[in-house]
Amino acid sequence: MTLNKFLILFLLPLGLLGQGKITVSGYVFDEITGEPLIGAHVNDKVSKLGTVSNEAGFYSLTIPQSDSALIIVSFIGYEKKMERISKTQLINFKLSPGIEISEVTVIQSAGGDFIRKNEMSAVKLQPKQVNKLPGFFGETDIMKVLQLTPGVQSGGEAKSDIFVRGGSPDQNLILLDGVPLYYVGHFGGFLSIFNTDAIHEVNLVKGGFPARFGNRLSSVLEISMKEGNSSKLTTHGTLGLLSSKLLFEGPLVRDKASFMISARKNLVPVFKILDAGIDYNFYDFNAKATFKVSEKDKIFLSAYSGNDNVSVKNSFNAENMSQRDNRTNSWGNQFVALKWNRIFSSKLFGTNTIAYVGYNNKNDFDYTLKRDTLTDRLESQIRSGITDILFKSDFNWYLKPRFNIRFGQHLTFHRFMPNDEKFNADMNGQPGVKRVYNSQEQALETGFYGENNVTLKNFGFNFGMRFSSYHIKSQNYFSLEPRALLNYIVSDNFSIKYSWSRMNQYIHLLTYSGVGMPNDYWMPSNQTVKPEGSIQNTLGINSVIMDGNLEVSLESYYKKMNHLITFKAGESLIGNLKDWTKTIEQEGNGTAYGLEFFLQKPRGKTTGWLSTTISKSDRVFVHLNEGKSFPFKYDRLIDASLVIIEEVTKNISLSGNWSYGSGYPVTLPTERYPGELGDVLVFEKVNSFRMRDYHRLDIAVNISKETSWGEQTWTFSIFNVYNRRNPYYYYFDREHLVSIDNSGGGIRVTGIEGDMRLLQKSLFRFFPSFAYSFKF
Amino acid sequence: MNYINMILNRALIFCFFAFISWSCQTDMELEIELPEPKKKLVLNSTFTSFTPPYVKPLQVRLWNSWPVLDTSQAKQITDAKIFWYENDQLLDSLYFDDILNAYTLKEFYFPVEGANYSIEILKDGYKNISAQNSIPPGVPIQDYKLVSFAGLNNDNLAYSSVSITFNDPEHTENYYEIIVTDVSNEKNKYRLWTNEKLIAEEPWYPSVLSFDSKLPQRLLFNDKQINGTEKQIVFYFTPEQVIDKGKLKIRYSIIDIYLRSVTAEYYRYYTTLLQHKYNQKGDFFYGLSEPLNVFTNVENGYGIFAGFYNNAVTIEIDTLTIR
């Protein structure tokens, strides 16, 4: 799209501005908790014009001046509020929870929004309902629920990553209160770092990206933390098998300032109990303080800190000798962010954020051997991480009810530490080997965007442009990313949507294809490694049927990616102190396409959804697989989920989910031959085999009881009800037999190598668990 | 209170039955049908010129590949037809020598530097295989030094250090291999290690964290970092030693230290072979390594056919009492 055409499309609607208008603006809140309500409808009954509140709960509606204008504010599960207005003014609405909140966990969009909103490939979660679904170890998890939606894959058992439309985990921009996070799993992905008690809303966008989103190719996951109950001090807690959590929220100054603090930690040493020889600990901590400085200004201070630590320790003592070795792997995220929301005018709302973000991954190995007076010591440290300091501004300009403009900028200073390594060997008390490798690099990334959003009677569109730049040492990269989304509203119950997005990504994730602890290396684009890019086309139809009780969508997508990187065959950064760019294959290309079907029942006593995805995703690198295309590691032909939540009574709910996925690809050897060092395996084409299909049923029951002091809830759940041995990974093993021959006057024991077998490792079978929660 | 007791009782009963029925993770053997690829011939032949006293006669060994789940013992193929070419001219066919346990040429014969050699092998039931290579020019050892006792290792055994100095030729890509053997017995190679970055940073060299893996018997490297300059390399090995009446003693021995000039194919084969073997030791903490196929320059088959030039020195290690 040329710049001239873009400007015409972007600014044309400005000509439609007229006279005799009034504007009502302000926030929509939950009356009890004080949390902003995102997506609340604000309509004028007289002119029939309306708008919805934004991510901060802010709305702005311009209507013809009239003495009889009646503003109605509504949100699912809340009582409507009405207000007569006759002049431009700032009004905040507080809605009370009214009818039973029976909206389903996932809201693709409620009724009219689903059809009319210029948005596609988007999924919203309500965390309070996530808690009703079955969870592993009794832990419900936002990422695990997202994996049950179309186009989002889990990557296998016990993973918190999301693989969206054939993309890898680094291609998801995960924002917590607008701040990007880099690794979001505890213990290799058993659960995510997101404490659902501290989360207010979750929104995943997989396509049709508006221009305000950038820096990643495949998805944007926006998670907003609660602001804290501004009127009452409340406490929530959960005791579970894997972790326990506590949350405090309440006013600092009633209706003016509030806080929310939550913490989660594993208390039960599960892996010690299972005698797995592993010591594992994790924690995460969320905090947020909100200050309403004036009617127009709000300041937020958010913080997150989380860490996982896995260690294996061995020791051996004998006379005059002792040996000890420790292996530790730890990783974690931290961030601190200061955000300022301001209502600049009745039509202009702005958010400015400044933040510090850090991700680090540490691998330590420590070995000591003491014999008599001699001491041998070997020590290895590997550090990988990324820290960002960012500043960003976003503005919403509500020009007219059906037309608004968003624009903004972002500036990020990155400090990369791809693979800092230290190795010391001090043997026999003499100076031994000391090696150090420093890998640090710094880069500056900027971005500017503008987008307009227009909704007419039968047609809507969102056009935008994003410009970004990236500077590292003497290398500069620039990118222009046009975006377009068209919405043809056939009727109140049916719409056809199409989008085209060009995306760019300046940082890459290197990870091993095998299983194990997370060894994520976030690497910068630089003089030799170019930024990744993608172009995605999406076409979909949305429909509401059976009097609005069912929402159906069918979407197809086609995505092309370039400048991808991966490890070279056999390469590793562990213990190899060298330039990481020498370990990678570059200039890879990727293709992903698919069809997603989503049927959901968002309201009523029984709610849930059916999600089915048929898809294909390939990669090609010049020096891998002889330059031929091969399936992406997480290419899955069919992925389906069925989720049902039944509100049996006010205090008892039952839920279940069944998920199915065709087998993930794997590279297996097919031949072997004798070599100087033993048998040599010959690997077939990359990812040319498929593991067994994956399917699993989980169920849960939640029983709540109100007491004099508050409310308590018991949750009983069963993971993998019918005990399916799902594949975690495959490996070869050989039986080792023993032959005992006691003829000839003696006993002769001979080791015999038995048959070679291909074995499957399964992780979890039938697994019941429970959790206890309380609230007061 | 009654309600709470009821819930607690039911929870306890649930937990009891849950843990009774809870199973730990187990492996499951699968009957996976892997395709049975057609067997291929596997050639192993590295050849050198006549460089007394370090003489290695021409030998060619041949096996076949087999499906990965087939656990048959490997047996050499001794009845193939093997043709040896020098500068594209057929020189002779090889015969299988039971004493050498390898194919060789009938007459006293050694390849020479600078010539191109190729081999063609025919065997019923297999596709014909062929390969080509040559012997690179040699790079002499300018200087060397042995320190019999350089320290004690993790197992409280003495280790020795050797430094060798050589001049890398300019304007050519050169590849090298260091091995240490018992005198005139190439089969008995010592295990080596080094802190030399040139070698230790090669992808094949075992990670510093793989201290429980067997050390390599070959140190392979290229000249990208040293092209055209003089280089000294220090490496270590564990000499023969004995504990006699409570004292650790290095025994008298004679060793050959080789600095071989090898071809690119030789280098690629052995480095990928070593990397392939080290990668097969997976570690849950560090992830299983990426699969890697061993390089081959054998058309329609596997293995290696490559030349090298022997430069070596022979050193005596005197008896030495350590402690």
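**View 1. Antiparallel pairing of strands β29 and β30 in chain A of the predicted model.** Strand β29 (residues 441-455) of chain A and strand β30 (residues 459-472) of chain A run antiparallel and are joined by 12 bridges. Three residues separate β29(A) from β30(A), and the two strands make a hairpin. One of the bridges brings Asn452(A) together with Phe463(A) of β30(A). In β29(A), 12 of the 15 residues are buried, so the strand is largely enclosed by the rest of the structure.

**View 2. A cluster of aromatic rings in chain A.** Ring pairs connect Trp709(A), Trp714(A), Phe716(A), Tyr772(A), Phe774(A) and Phe776(A). Over all chains, the structure contains 57 aromatic pairs. One of them is the stacked pair of Phe774(A) and Phe776(A), with 6.1 Å centre to centre and 10° between the planes. The pair counts as stacked because its planes are under 30 degrees apart. Phe774(A) has a relative accessible area of 18% and is therefore buried. Phe776(A) is partly exposed, because its relative accessibility is 45%.

**View 3. An edge-to-face pair between two loops of chain B.** Phe50(B) and Phe108(B) are 5.8 Å apart centre to centre, with 80° between the planes. The angle is over 60 degrees, so the pair counts as edge-to-face. Phe50(B) belongs to the loop between β2 (41-47) and β3 (61-64) of chain B, and Phe108(B) to the loop between β7 (102-104) and β8 (116-122) of chain B. The two residues are 58 residues apart, and their pair links distant parts of the chain. Phe50(B) is partly exposed at a relative accessible area of 43%, whereas Phe108(B) is exposed at 68%.

**View 4. Arginine side chains over tyrosine rings in chain B.** Arg218(B) lies over the face of Tyr270(B), 3.8 Å from the ring centre. Arg260(B) places its charged end over the ring of Tyr258(B), at 5.3 Å from the centre of that ring.

**View 5. Confidence along chain B.** The mean pLDDT of chain B is 85, and 84% of its residues score at least 70. Confidence in this chain is highest in strand β9 (residues 129-134) of chain B, at a mean of 97, and lowest in strand β1 (residues 27-29) of chain B, at 56. Residues 283-288 of chain B have a pLDDT below 50. Beyond near neighbours in sequence, this stretch has 27 contacts in the model. The model scores are ipTM 0.87 and pTM 0.84.

Conventions:
Residues numbered from 1 in each chain as written. Chains lettered and ligands numbered in written order. Heavy atoms only, no water. pLDDT = per-residue confidence, 0-100. Helix = DSSP H or I, 4+ residues; strand = E, 2+ residues; numbered from the N terminus. Contact = heavy atoms within 4.5 Å. Phe/Tyr/Trp six-rings, centres within 6.5 Å; stacked < 30°, edge-to-face > 60°. Buried < 20%, exposed > 50% of the residue type's maximum accessible area, 1.4 Å probe, protein only. Lys NZ or Arg CZ within 6 Å of the ring centre and 35° of its normal. Pairing = 2+ DSSP bridges.
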